Amino acid sequence: MNALEIKNLTKSYPGFTLDNLNLTLPSGCILGLIGENGAGKSTTIKLILDMIHKDSGTITILGRDNGDGMEVAKEEIGVVLDEAGIPECLTVPQVGKVMKHTFRNWDAAEYARLTKKLGLPEKKPFKDFSRGMKMKLAIAVAMSHNSKLLILDEATSGLDPVVRDEVVEMFSDFTRDENHSILISSHIVSDLEKLCDYVAFLHKGKLLLCEEKDRLLAEYGLIHCTAEELKQLPAETVRYAKENPYGAEAMVRRSAVPDGFSVSPVSIEEMFVFMVKGGAAV
């Protein structure tokens, strides 16, 4: 069973349309949703959680329609949004007591372990937390009620590099269980590159691609050459290209590059920038 299936999903606002989105997240995997501000990442997550109503399309979560089955599914979904939504007067232990009565499968021991691991203070009220501390508490809550699916919107935002690395490791451990899956959006693409099995690129409400990360990194690379050399490359070699006063740079299919060209690795972040700004596809 797939953890998440989105088919032909559309949502329109004045000046923006999430246009015919299709995504699949297999069980046991992590899908990274990449896009600039305003690309449609948060809109997609709100639609998945039935926080806003879709214009058309279908969303299936853990085998259930997201509208009909959300009351049941919420027990199995851990959610971290840009705003944690935790009452500001509560301390960490008090949050745990509230969640015990919110989720049937609340695991108090796991919550205590995670909040200690993340270095969260027990006596300070939530209103006095830094943004990074608020995100860490939201992550601890999301992972403490035996969730099968984590849905994370900018969950690593506001965390320092050391803590981000710890959180990324926690997410990786979570999906070692083949029944656990994660959908995560972030503008920190380096986190997603380390973490994800699949990546989806959103740009202005349109899905540019959704592919297995390792396959993309193996298939594509970068070459630096002169503008004249770029013109001589076979059409099937070049996916995206751009020229500058010093020459040309192209994202290429490694298998089609002629002998004599040096191909460098391409990162997921470079790939996304190329697709958005690197000129028309060849």
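View 1. Gly132, Met133, Met135, Lys136, Leu137, Ala138, Ile139, Ala140, Val141 and Ala142 are the buried residues of H5, where buried stands for under 20% relative accessible area, exposed for over 50% and partly exposed for values in between (1.4 Å probe, protein chains only). The helix is thus described as mostly covered, with 10 of its 12 residues buried. These buried residues pack against strand E6 (77-80), helix H3 (92-100), helix H4 (108-117), E7 and helix H6 (161-174); contact means heavy atoms within 4.5 Å. From first C-alpha to last, H5 reaches 17 Å, close to the 16 Å expected at 1.5 Å a residue, the expected span being 1.5 Å times one less than the number of residues. Helices (H or I, at least four residues) and strands (E, at least two) are DSSP runs, numbered from the N terminus.

**View 2. Surroundings of His145.** With a relative accessible area of 1%, His145 is buried. A polar atom of the His145 side chain lies 3.1 Å from the backbone oxygen of Glu75. Leaving aside residues up to four places away in sequence, His145 touches Lys74, Glu75, Ile77, Gly78, Phe103, Asn105 and Trp106.

**View 3. Lining of the largest pocket.** The volume of the largest pocket is about 580 Å³. Of its 25 lining residues, Ile77, Val79, Leu81, Ala84 and Phe103 are the closest to its centre. Helix H2 (70-73), E6, H3 and H5 each supply at least two lining residues, and E6 gives the most, with four. On a 1 Å grid over the protein atoms alone, a pocket is an open set of points where a 1.4 Å probe fits, with protein on both sides within 12 Å along at least five of seven lines; lining residues have an atom within 4 Å of a point.

View 4. Cys210 is in no disulfide, and the nearest cysteine sulfur, that of Cys196, is 10 Å away. Cys210 is partly exposed at 25% relative accessibility, whereas Cys225 is buried at 8%.

**Notes.** Residues are numbered from 1 along each chain as its sequence is written, and side-chain values use heavy atoms, with hydrogens and water left out. In this predicted model, local features need pLDDT of at least 70 and side-chain atom pairs count only at pLDDT 80 or more, while totals for chains, interfaces and linings use all residues.

Notes:
Polar contact = N/O pair within 3.5 Å; in protein donor to acceptor, adjacent residues only side chain to side chain. Disulfide = S-S within 2.5 Å. Points joined across faces, edges and corners; volume = space filled by probe spheres on them.
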